[in-house]
Amino acid sequence: MAENAAPEYTPQAVTLRELADLLDCRLEGDGAQTVTRVAALEGAGPGDVSFFSNPKYARALAATRATAVIASDDVAVPVAALRTTQPYVAFARALALLHPQPAPPVGVHATAVVDATAVLGVDVSVGPYACVGARAVIGARTAVRAHVFIGDGAVIGDDCLLHPHVSIRERVTLGHRVVVQDHAVIGSDGFGFAADATGAMLKIPQVGTVVVGDDVEVGALTAIDRPPIGATVIGAGTKIDNLVQIAHGVELGERVILVSQVGIAGSTTVGAGTVLAGQVGVAGHLKLGDNVQVGGKSGVMHDLEEPGGYVGTPAMPFAQARRVYSIFTELPELQKRVKELEQRLAQLSTEEDGDIV
């Protein structure tokens, strides 16, 4: 293959026996049958493997034309079955096996700009119009797609993937196997200003950095800001969805999950294994403990140090929230009853005044 030529994609074909062994599943059915792709239950046909984990799709499972279905032991499958206690995990691994992503071409594209002092590891790929700054370090087998910017002194680990138009600002550090989706910015200036005596806003220089651990994924159009001093830290194994804002000085523990449109204000710490669902907002200088789960559209305005589920604005434990929100549906009737009681009290007061006269 010529340098920087487009790689070809070849579908993978395996027998069910081979696939079962690769996925560590128990096979029920003819292991000699061949599959070449993963497909949804409704659209699957001969040569496809599908999966079942949600009871809502029971009707689709009964009618599927797939060659095999990945499912747990307690599910009746009308075709060959790949049995596992973790169908969704096996599904993910099957996708990776049967639909492998083509490896990017090794080397530096003719239109890329790589500073002479930058250090590139073995088998690095730098795509069209990418820019790699002075003293930047890119680890082995890392792929830098088209129009990526890597600032001066940035350090990128091994086996990373930076999709088009990603910006890794100066002095930022990424660990190994980090994936950054399109148009994400890591190391942008934190939002810091100080008002002087006249009320004019003076920008506070953001000279800190961002440190991203191993096996992190950052979604498209996400921004992770650097602080004025110190570092914004993203723990290993953390997964960040699209359109997330992580402000300066935030510290995320390991395996944190941030769903789309989460916003975390500055200097907040989030413990390991915590999940913030879509559109959760977290105020600054707070502490969220390990294994906290916050429901969608919630507003976190105080520390949540105990593990467990929270929801609402301000965020409160699920049990308390259920009681609070159950009252909401009764508010119109409660309002009506309060008005009736007020009228009755006024009437009684008038009658008592008449008796006194």
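Which residue forms a salt bridge with R37? The partner is D48, and the closest N and O atoms of this pair are 2.7 Å apart, where a salt bridge is a side-chain nitrogen of Lys or Arg within 4 Å of a carboxyl oxygen of Asp or Glu. R37 lies in strand β4 (residues 37–38) and D48 in strand β5 (residues 48–51), so the pair ties together parts that are eleven residues apart in sequence; helices (H or I, at least four residues) and strands (E, at least two) are DSSP runs, numbered from the N terminus.

The model is predicted, so local features need pLDDT of at least 70 and side-chain atom pairs count only at pLDDT 80 or more, whereas totals for chains, interfaces and linings use all residues. Residues are numbered from 1 along each chain as its sequence is written, and side-chain values use heavy atoms, with hydrogens and water left out.

D48 is buried, with a relative accessible area of 4%, while R37 counts as partly exposed at 37%; buried means under 20% relative accessible area, exposed over 50%, and partly exposed in between (1.4 Å probe, protein chains only).

| Pair | Closest N and O atoms |
|---|---|
| R17 and D21 | 3.9 Å |
| R255 and E254 | 3.4 Å |

R17 and D21 both lie in helix α1 (residues 16–23), four residues apart, which is about one turn of the helix. D21 counts as exposed at 53% relative accessibility, and R17 as partly exposed at 41%.

Over the whole structure, the search finds 13 salt bridges, and a network of them links R169, E170, D189, K203 and R226.
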